[in-house]
Structure formats: structure tokens, C-alpha cells
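Subject: Structure handover

Hello,

Here is the structure for you to look at. My notes follow below it.

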Amino acid sequence: MSVKPIRMGTLKDVAQFKNHLASLGLSIPIDSQLEHEDSSPLRQPLVKGPFKIANRIAVQPMEGWDGLLDGNPSENTIRRWQRFGASGAKLIWGGEAVAVSHDGRANPNQLLAAPYTEAGLARLRQALIDEHKRKTGSQDGLLIGLQLTHSGRYSRPNSHSRPEPKILYRHPFLDRRLNLNNDYPLLTDAEIEVIIDNFHRVAVMASRLGFDFVDIKHCHGYLGHEFLSARTREGRYGGSFENRTRFLKEIVQGIHALAPGLQIGVRLSVFDSIPFYPDPKQSLNGKLGPGIPEIWDNAPYYYGFGVDPGNPTEADWSEPLAFLSLLEKLGIHLVNLTAGSPYYNPHIQRPALYPPSDGYLPPEDPLVGVARQMEATRHLKQKFPNLIFVGSAYSYLQDFLPNVAQAAVREGWVDSAGLGRMVLSYPEILWDAVEGKPIQRKFICRTFSDCTTAPRKGLPSGCYPLDDHYKHSELGERLITLKKG
Ligand SMILES: Cc1cc2nc3c(=O)[nH]c(=O)nc-3n(C[C@H](O)[C@H](O)[C@H](O)COP(=O)(O)O)c2cc1C
Ligand code: SF4
């Protein structure tokens with residue numbers, strides 16, 4: 001079924017937005033008035049255990065596909081991190097995915113943590129801090145993490161057009177999408193141990209560079225996330241929940257031993273769904289059709305984490321709850337909740353009006369996707385009050401993002417509102433809201449998805465429609481040509 005979502009920009013005020021939510025049967029908290037300065041919930045410090053974070057605004061990790069081939073940051077990467085700093089957010093969740101080894105890079109331009117990139121990573125962190133101080137006057141209460149990743153199934157270290165997947169088990173749909181035969185090799189336990197050592201090495205480096213925490217990425221279909229659904233894998237790292245979480249546990253034990261002062265966070269795709277694809281019957285004249293789920297027979301579906309095996313488009317909370325309990329036991333208190341994957345169900349992961357080039361038209365109003373992630377965070381925050389939760393998928397809220405973020409923090413749905421795409425187009429949106437400055441509508445992310453389409457076409461990511469740095473550049477011209485072709 002094709003849906004025609006109402007454009008958020010046409011809703012004139014909070015009352016209209018509330019009516020729209022009611023017409024969709026959704027419950028999302030929203031404040032009619034924005035509070036300012038110290039009265040704003042978004043400016044309340046977040047103090048828990050060892051953490052003193054000076055406000056409730058977080059920048060989500062946002063990769064730019066713009067590092068140098070050796071894994072060092074480029075000038076575009078540095079500019080992006082400066083903008084993260086200028087956002088006024090006091091929690092920088094990882095900056096972006098940084099690969100722990102060359103073979104685990106998601107593209108040849110992904111940042112890599114290696115001895116010869118150490119100075120480059122230090123420069124990124126410092127550029128962010130300098131810009132943050134310039135904007136806010138102080139770096140007090142600023143917490144900066146580095147997101148560590150191995151891209152697993154989505155590794156493309158040497159060429160944008162040549163996948164070099166590292167897989168843990170045979171997946172009935174995702175193997176086919178990557179043209180992998182039944183004899184395609186699985187990562188061996190010995191290879192996994194080398195990857196774990198790499199996480200340790202890089203965590204020590206991050207600690208030396210002054211990062212406050214590292215995120216052991218467990219989301220979006222990359223390696224950490226794939227472990228959680230490796231039910232059909234044999235051996236120490238597959239099968240039981242105990243075995244599927246061994247990768248995380250061994251990384252954490254090593255970090256505690258080798259970099260004792262370093263905090264650890266986990267970004268988790270807390271629920272998932274069977275992969276979607278554009279409905280071929282409605283994909284006409286080169287236009288993508290609406291997304292539909294892959295067809296699965298009545299057998300239990302064991303290939304997703306937080307997925308109901310009996311109804312694989314729905315979530316099952318039993319293992320996500322067990323995973324969060326495990327994090328508490330491991331002494332991890334920083335949790336960033338996201339969902340799904342940009343590769344096989346982007347409407348779950350980053351609700352958008354316009355699909356990326358490898359996506360599909362929204363199968364539901366994108367507000368449903370926003371509400372789904374917000375509700376999951378609310379539910380889990382209630383169950384785990386001692387964990388610090390960062391929430392995701394706020395950008396589709398567009399003009400109403402500040403009012404919703406304020407209400408969500410005030411009502412305790414989430415500890416910190418994390419912004420992804422909106423930071424690419426308008427980094428200071430929540431800072432402006434808190435300061436009582438007018439919101440600059442011309443920079444509001446309208447979820448055009450060019451920041452995803454560009455890398456799918458081998459270009460750096462960025463906000464091509466709204467950020468002059470990309471729009472009026474040679475890159476912008478190239479993207480227009482590639483989209484036409
Ligand atoms: C261009 C782009 C790059 C991204 N890079 C990362 C990344 O490196 N690590 C990560 O965990 N998520 C990444 N994400 C996902 C975002 O952090 C975020 O979860 C998603 O965009 C939904 O939040 P939003 O609605 O605020 O955009 C990326 C998203 C986009 C659009
Ligand atoms: S390209 Fe810009 S407007 Fe489009 S989704 Fe990305 S950040 Fe938003």
C-alpha cells in the first residue's frame with residue numbers, strides 16, 4: 001500500500017501537529033511552548049555515576065564517507081566535527097563510525113583507527129572542542145565518545161563498488177542481496193579474536209587521545225549487531241544468548257583491563273524487522289515503489305535481534321531486555337537506542353519522506369517510525385532507570401523537533417535527545433531553541449535523503465540540498481548528474 005504522508009512543513013502550529021498525531025493514532029509528547037535558558041529541560045545537567053553531562057542535547061554518530069584513503073580525516077571531516085561542536089550538544093556520541101581495522105571499513109573513505117591516523121583523530125576531537133567553546137563559551141560538562149566499528153557484512157574497504165563481506169552466519173535474504181553463495185566463508189572464531197584485539201588496541205588509543213568513552217557499536221546490521229542474531233552459528237560466538245554476546249563481553253573485559261579510566265557506551269539496534277524491498281508491482285518507469293517485507297513462510301524467523309520469530313515485522317522485547325540487563329552487569333551505563341538498518345529497512349531506522357536511491361517509498365507515515373523508536377526508548381527507560389538513554393530518529397519531526405525533544409526529556413521518556421540528519425543541515429537547532437532565538441526554517445532537514453544517496457553513488461555524505469558547502473560545489477553538481485543518470 002502506498003501512503004501519502006502530510007508534509008510536516010504544512011502543519012502550521014503545535015495544535016495542528018497534535019491533530020495530525022491523533023489522526024494517525026500516535027502518542028508523541030509535545031510541549032506547546034518552548035522553555036528558555038535555565039528553565040529549559042534541555043539545559044538540565046545529566047548527572048549519574050561518573051557522568052556529568054551539562055545538557056540534554058546529543059549529536060548522533062554521522063559518518064561522512066569523506067575520510068582520506070589511508071583512514072585519516074579530510075578537511076570535510078574536520079568541518080563536520082566542527083559543526084558537531086557548534087551544535088551546543090554536550091554529548092557527542094561517537095562523532096562517526098571509525099573502523100578498528102582496514103578490512104572492516106564500510107567504504108574506502110571511512111575513518112580508520114591506526115597508528116598513522118592517531119594525530120588525525122586527535123585533530124578531529126580538538127577541532128570539535130575549539131568550535132564548541134567558541135559557540136558556548138565553555139567545554140565544561142562536554143562528553144565526547146568515539147564510535148568503534150567493524151562493518152562485517154557491509155565491509156567495502158577497497159572500492160565503493162566491491163563488497164567484501166565478513167559474515168557470521170548464512171542469512172536467507174541478506175546473503176542473496178550480496179550475491180553470496182552457500183560456500184561463502186564465515187568469519188572463524190580465530191578471526192573474531194583478532195577483531196576483538198583490534199577493539200582493545202583502538203580503545204587504548206582513544207583513551208590516550210582524551211576521548212571520554214568508546215561506543216562498541218551494535219547496530220544497523222554491522223558486525224556487532226550481526227552477532228546478536230547469530231543463532232544459527234556454531235561455536236563460541238553463536239547459538240545461545242550467552243554465546244552471541246561473548247563478542248561484547250570480551251571487548252569490555254579487555255577495555256576494563258587495558259584502559260581502566262575509559263567509559264564504554266553501546267549503540268544498539270534495539271528492535272529490527274525482516275528486510276524490506278520496493279514493491280516490484282508499483283516500481284514503474286524507474287521510480288521506486290513502496291517498501292514491502294520479504295515473504296517468509298510459517299517457519300520461525302531466527303535472523304533478527306529483537307524480532308518476533310513468529311511475526312518478523314514485529315518486535316520481541318525478551319532479548320533486548322536481557323541485553324540491557326547484561327550491560328548493567330558489565331558496568332555500562334551509556335546506551336544509545338536506534339533500530340533496524342539503513343541497508344534493509346531504512347524506514348525503521350531513519351524515517352524519511354523521500355527514499356535514498358537504494359530504498360523504497362515509505363510504507364507508513366514516517367511519523368509512525370519516529371513514534372516507534374520514541375516509545376521503545378520510553379518503555380526501556382522505565383524498566384532501566386539507572387541507565388542513561390539517548391534517543392534517536394527525531395529529525396523527521398522537523399519544525400516540531402524542539403517542542404518534542406523538550407517534552408520527551410521533561411516527561412522522562414529519554415535522558416538526552418540525539419540528533420542525526422538535522423545536525424547536517426542545522427546543527428544549532430536545539431541550541432537556538434534553548435537560547436530563545438528564532439528557528440531558521442530554511443535549514444530544517446526535510447528528509448530528502450541526499451546524505452544517504454550521495455554515498456550510495458560513491459560521493460561524500462553531506463546535506464546537499466540545504467548546506468551551501470555541498471549545494472554550491474562541484475560535488476553538488478556531480479550528485480545532480482548521478483541522480484539523473
Ligand atoms: C549520512 C548518515 C550517516 C550516518 N552515520 C552513522 C554512523 O556513522 N554511525 C551510526 O551509529 N549511525 C549513523 N547514522 C544513523 C544516525 O546516527 C541516526 O540514527 C539516523 O539518522 C536517525 O536519526 P535522525 O532521524 O536524527 O536522522 C547515519 C545516518 C546518516 C543519514
Ligand atoms: S540531505 Fe539534508 S535535508 Fe536531506 S535528509 Fe540529509 S540532512 Fe536532511
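Helices here are DSSP runs of H or I with at least four residues, numbered from the N terminus. On that basis, G224 sits in helix α6, which covers residues 223–228. Please keep in mind that this is a predicted model.

**The chain as a whole**

The protein chain has 17 helices and 13 strands. It counts 485 residues, and 60% of them are buried. A compact globule with 485 residues would have a radius of gyration near 23 Å; the chain has 21 Å, so the two agree. Along the principal axes, the C-alpha atoms fill a box of roughly 60 × 55 × 50 Å.

Take the contacts between residues at least 6 apart: 71% of them join residues at least 24 apart. The exposed surface comes to about 18,600 Å², with 51% supplied by carbon and sulfur atoms. As for charge, there are 55 positive and 52 negative charges, and their mean positions lie 3 Å apart.

**G224**

Is G224 buried or exposed? G224 has a relative accessible area of 3%, so it is buried; the cut-off for buried is under 20%. Beyond its neighbours within four places in sequence, G224 contacts K217, H218 and F247. R267 is 43 residues away from G224 in sequence, with 9.8 Å between the two C-alpha atoms.

**E96**

E96 is in the loop between β4 (91–92) and β5. Its relative accessible area is 2%, so E96 is buried. Which side chain does the side chain of E96 meet in a polar contact? The partner is R80, at 3.1 Å. R80 is also one of the residues that E96 touches beyond four places in sequence.

**H102**

H102 lies in the loop that runs between β5 (97–99) and α3 (118–136). H102 has a relative accessible area of 34%, so it is partly exposed. Not counting residues up to four places away, H102 touches L112, P157 and N158. With N158 there is a polar contact, side chain to side chain, at 2.8 Å.

**Two residues with positive phi**

Please look at W65 and S449 in the backbone. W65 is not a glycine, yet its phi is positive, about 55°. W65 is located in the loop between β3 (57–59) and α2 (75–86). W65 is buried, because its relative accessible area is 14%.

S449 is likewise a residue other than glycine with a positive phi, near 70°. Where does S449 lie? S449 is in the loop between α14 (429–435) and α15 (450–456). At a relative accessible area of 8%, S449 is buried too.

**Where to start**

I would open the model at E96 and pick out its side-chain contact with R80. Then go to H102 and its side-chain contact with N158. After that, turn to G224 in helix α6.

Best wishes

Key
Residues are numbered from 1 along each chain as its sequence is written. Chains are lettered from A and ligands numbered from 1 in the order in which they are written. This is a predicted model: local features need pLDDT of at least 70, side-chain atom pairs count only at pLDDT 80 or more; totals for chains, interfaces and linings use all residues. Side-chain values use heavy atoms; hydrogens and water are left out. The radius of gyration is taken over C-alpha atoms; the globule rule is 2.2 Å times the number of residues to the power 0.38. Buried means under 20% relative accessible area, exposed over 50%, partly exposed in between (1.4 Å probe, protein chains only). Contact means heavy atoms within 4.5 Å. Accessible areas come from the Shrake-Rupley method with a 1.4 Å probe; for residues, only the protein chains shown count as cover. Lys and Arg count as positive and Asp and Glu as negative; His and the chain ends are not counted. The place of a charge is taken as NZ of Lys, CZ of Arg, CG of Asp or CD of Glu. A polar contact is a pair of N or O atoms within 3.5 Å; within protein, one must be able to donate a hydrogen and the other to accept it, and residues adjacent in sequence count only if both atoms are side-chain atoms.
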